[in-house]
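Hi,

Here is the structure I said I would pass on. Have a look at it first, and my notes on what turned up follow below.

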Amino acid sequence: PETVFTGPEQQQGFDIIKVLWRWKWLPILGAMIGTGVGYLYFSKQPAQYQASALVQVVDSLPPSTRIQAYDPNEIAKYSRADESMVIRSQRVLKMAVEKGQLADQPALKGSSPDQIAAMLAGPNLVVQPAAKDANTTLLQISYICNDADLAAAVVNAIVHGYSDYLSEEYRVFGDEFYELVTQAQDKLTLRY
């Protein structure tokens, strides 16, 4: 039994290039429809405005003293992520609403300061370190909304509210430190 070949073997299977060449109008039509739908969707979206501020947070205490004052048993690495959480806190946002008089903004008329602070804490407020280094002293505060004036007013209010918060914290810490030193001095005077 001999095998006789009569010609080149027929290639079996599915050739994608031949199909695409034969039906080339189909991918072109799909791309054109996709581009048109994307453009219509994009053109119907409302304008979004983003206001940003770059804030430098400088600590008056050296890092080792600050860590030992809060937790003497554990030396932790201090990062700007902690500051981000403080800025997004309800206390700082309430101070920002009062300091920036955000209740007088046309878009926020009729809302209470608590409602405005809760709205600010949403996903439109972005507070993050301004550099990839976690020990950077720079924070970026951004707010995104449909009103450019409101976005700028919110960012300015948050910066001023955070500044007031830090001033109050340093004042309280200074008062506590002064009281502690005074008590120690009185005890020393009584002993001697």
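To start with the sheet: in what order do the three strands of the open sheet come? The order is β1-β3-β2, and the pairing is antiparallel. Before you go further, please keep in mind that this is a predicted model.

β1 (49-56) and β2 (125-129) are the edge strands, each with a single partner, so one side of each has no neighbour in the sheet. From one strand to the next, the twist averages 15°. If you want to follow the pairing in your viewer, take β1 with β3 (residues 138-145): these two run antiparallel and are joined over eight bridges.

Is S142 buried or exposed? S142 has a relative accessibility of 2%, and since buried means under 20%, S142 counts as buried. Its side chain has a polar partner there: the side chains of S142 and S52 make a polar contact at 2.9 Å.

Next, the surface near the start of the chain numbering. A nonpolar patch is formed there by F14, I16, I17, V19, L20, W23, W25, L26, L29, I33 and V37. Together these residues have about 1,100 Å² of accessible area. Which elements give two or more residues to the patch? They are α1 (16-22) and α2 (25-44), and α2 supplies the largest share, with five residues. L20 is one of the patch members and belongs to helix α1. With a relative accessible area of 46%, L20 is partly exposed, because that label covers values between the 20% limit for buried and the 50% limit for exposed.

Now to helix α5 (residues 90-99), which comes up several times from here on. V92, L93, M95, A96 and V97 of this helix are buried. Just after α5 comes a backbone detail to check: Q101 has a positive phi of about 50°, although Q101 is not a glycine. Q101 is in the loop between α5 and α6 (113-120), and it is exposed, with a relative accessible area of 53%.

The charged side chains are the last topic. Side chains of opposite charge can pair when their charged atoms come close. How many salt bridges does a search of the whole structure find? There are five, and these are the ones I looked at in detail:

- E169 and R91 form a salt bridge, with their closest N and O atoms 3.2 Å apart. This pair links distant parts of the chain, as E169 is in helix α7 (residues 148-191) and R91 is in helix α5, 78 residues apart. E169 is partly exposed at 30% relative accessible area, and R91 is partly exposed too, at 38%.
- D114 and K94 meet through their side chains in a salt bridge of 2.9 Å, N to O. D114 lies in helix α6 and K94 in helix α5, so the pair ties together parts that are 20 residues apart in sequence. D114 is partly exposed at 43% relative accessible area, and K94 is also partly exposed, at 32%.
- D164 and K99 form a salt bridge with the closest N and O atoms 3.7 Å apart. Here again distant parts of the chain are linked, with D164 in helix α7 and K99 in helix α5, 65 residues apart. D164 counts as partly exposed at 28% relative accessibility, as does K99 at 45%.

One more thing about R91: which residues are linked with R91 in a network of salt bridges? The network takes in E168 and E169 along with R91.

After that, the S142 to S52 side-chain contact at 2.9 Å and the positive phi of Q101 are quick to find.

Cheers

Definitions and conventions:
Residues are numbered from 1 along each chain as its sequence is written. This is a predicted model: local features need pLDDT of at least 70, side-chain atom pairs count only at pLDDT 80 or more; totals for chains, interfaces and linings use all residues. Side-chain values use heavy atoms; hydrogens and water are left out. Patches are made of residues with over 30% relative accessible area and no salt bridge: like charges are joined within 9 Å, nonpolar side chains (Val, Leu, Ile, Met, Phe, Trp, Tyr) within 5 Å. Accessible areas come from the Shrake-Rupley method with a 1.4 Å probe; for residues, only the protein chains shown count as cover. A salt bridge is a side-chain nitrogen of Lys or Arg within 4 Å of a carboxyl oxygen of Asp or Glu. Helices (H or I, at least four residues) and strands (E, at least two) are DSSP runs, numbered from the N terminus. Buried means under 20% relative accessible area, exposed over 50%, partly exposed in between (1.4 Å probe, protein chains only). Two strands pair if DSSP finds at least two bridges between them. Axes are lines fitted to C-alpha atoms, for helices over the stretch in contact, and angles run from 0 to 180 degrees between N-to-C directions. A polar contact is a pair of N or O atoms within 3.5 Å; within protein, one must be able to donate a hydrogen and the other to accept it, and residues adjacent in sequence count only if both atoms are side-chain atoms.
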